[in-house]
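Subject: Structure handover

Hello,

Here is the structure I promised to pass on. Please load it before you read further.

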Amino acid sequence: ATVALMLNLGVASIYAQQKPVTMTFSGTTGASAINLQQPNTTTGEDNLAGNSALGQFTFRNISAETTIPQQSSTCSGPTKLYFVRVAGAGVFRFQGGSLLKVNLTQGEDCVDLAAQVAHCTMTFQITGGTGRFKDASGTLTLTETVQPVLADASNNPVFFASTGGVTGTVS
């Protein structure tokens with residue numbers, strides 16, 4: 001019985017190996033038609049495409065971000081604004097149709113008004129998927145640089161170009 005248990009645990013560990021991932025992407029960011037209805041937030045959407053060792057992918061992320069700038073020790077200065085992402089989720093779609101589902105666990109945006117650029121970081125918990133990611137788990141961190149492309153009639157930026165990467169592990 002002990003040998004059988006050891007063999008089962010050994011086989012389970014083979015299938016549950018963590019695979020480090022590094023992905024690069026580009027795409028667009030803007031307001032979302034979906035409203036997460038989180039208090040004092042706006043809902044944004046990222047539509048990204050990229051490459052990784054897991055294959056080519058697209059990523060659609062919906063998240064709610066505070067509308068009032070917050071205090072930050074890492075994003076401060078007369079031309080900088082700091083916002084927190086309070087809720088969200090996304091789906092990676094890989095070649096072949098496999099999906100990898102993720103939930104936002106934390107996120108932050110540092111907007112530099114003078115440089116007209118934002119640096120954003122989001123951490124996601126993998127919650128499974130379909131196909132080869134059916135029972136996937138792990139954590140991914142997305143970092144992106146966002147620059148305005150289009151402003152509304154009041155000269156407020158509303159549509160952005162996004163580039164960046166994703167790192168983490170998939171089990």
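Predicted model: local features only at pLDDT ≥ 70, side-chain atom pairs only at ≥ 80, totals over all residues.

Overall fold

The chain has 171 residues, and 36% of them count as buried. Its secondary structure comes to 1 helix and 8 strands. The order along the sequence is α-β-β-β-β-β-β-β-β. The C-alpha trace spans about 70 × 35 × 30 Å along its principal axes. For contacts between residues at least 6 apart in sequence, 55% join residues at least 24 apart.

Strand pairing

Start with β1 and β2. They run antiparallel and are joined by 9 bridges. The hairpin of β2 and β3 has 4 residues between the strands. Check G55 there, as it takes a positive phi near 115°.

Largest pocket

This one has a volume of about 880 Å³. Its lining counts 32 residues. Which of them lie nearest the centre of the largest pocket? They are E65, V111, P157, V158 and F160.

β7 gives the most, with 6 residues. By class, the lining of the largest pocket divides into 16 nonpolar, 11 polar and 5 charged residues.

Second largest pocket

The volume here is about 170 Å³. The lining consists of K19, L54, R132, F133, D135, A136, V170 and S171. By class, that is 4 nonpolar, 1 polar and 3 charged.

Cysteines

The structure holds 1 disulfide. C75 and C110 form it, with their sulfur atoms 2.1 Å apart. The pair links distant parts of the chain, 35 residues apart: C75 sits in the loop between β3 and β4, and C110 in strand β5.

Is this disulfide right-handed or left-handed? The torsion about the S-S bond of C75 and C110 is about 85°, so the disulfide is right-handed.

Are the two partners buried or exposed? The cut-off for buried is under 20% relative accessible area. C75 has 4% relative accessibility, so C75 counts as buried. C110 has 16%, so C110 counts as buried too.

C120 is in no disulfide. The nearest cysteine sulfur is that of C110, 8.9 Å away. C120 has 3% relative accessibility, so C120 counts as buried.

Where to look

Then turn to the disulfide of C75 and C110. Finish with the hairpin of β2 and β3 at G55.

Best wishes

Terms used:
Residues numbered from 1 in each chain as written. Heavy atoms only, no water. 1 Å grid on protein atoms, 1.4 Å probe; cavity = no way out; pocket = protein on both sides within 12 Å on 5 of 7 lines; lining within 4 Å. Points joined across faces, edges and corners; volume = space filled by probe spheres on them. Helix = DSSP H or I, 4+ residues; strand = E, 2+ residues; numbered from the N terminus. Nonpolar A, V, L, I, M, F, W, Y, C, P; charged D, E, K, R; others polar. Pairing = 2+ DSSP bridges. Disulfide = S-S within 2.5 Å. Buried < 20%, exposed > 50% of the residue type's maximum accessible area, 1.4 Å probe, protein only. Contact = heavy atoms within 4.5 Å.
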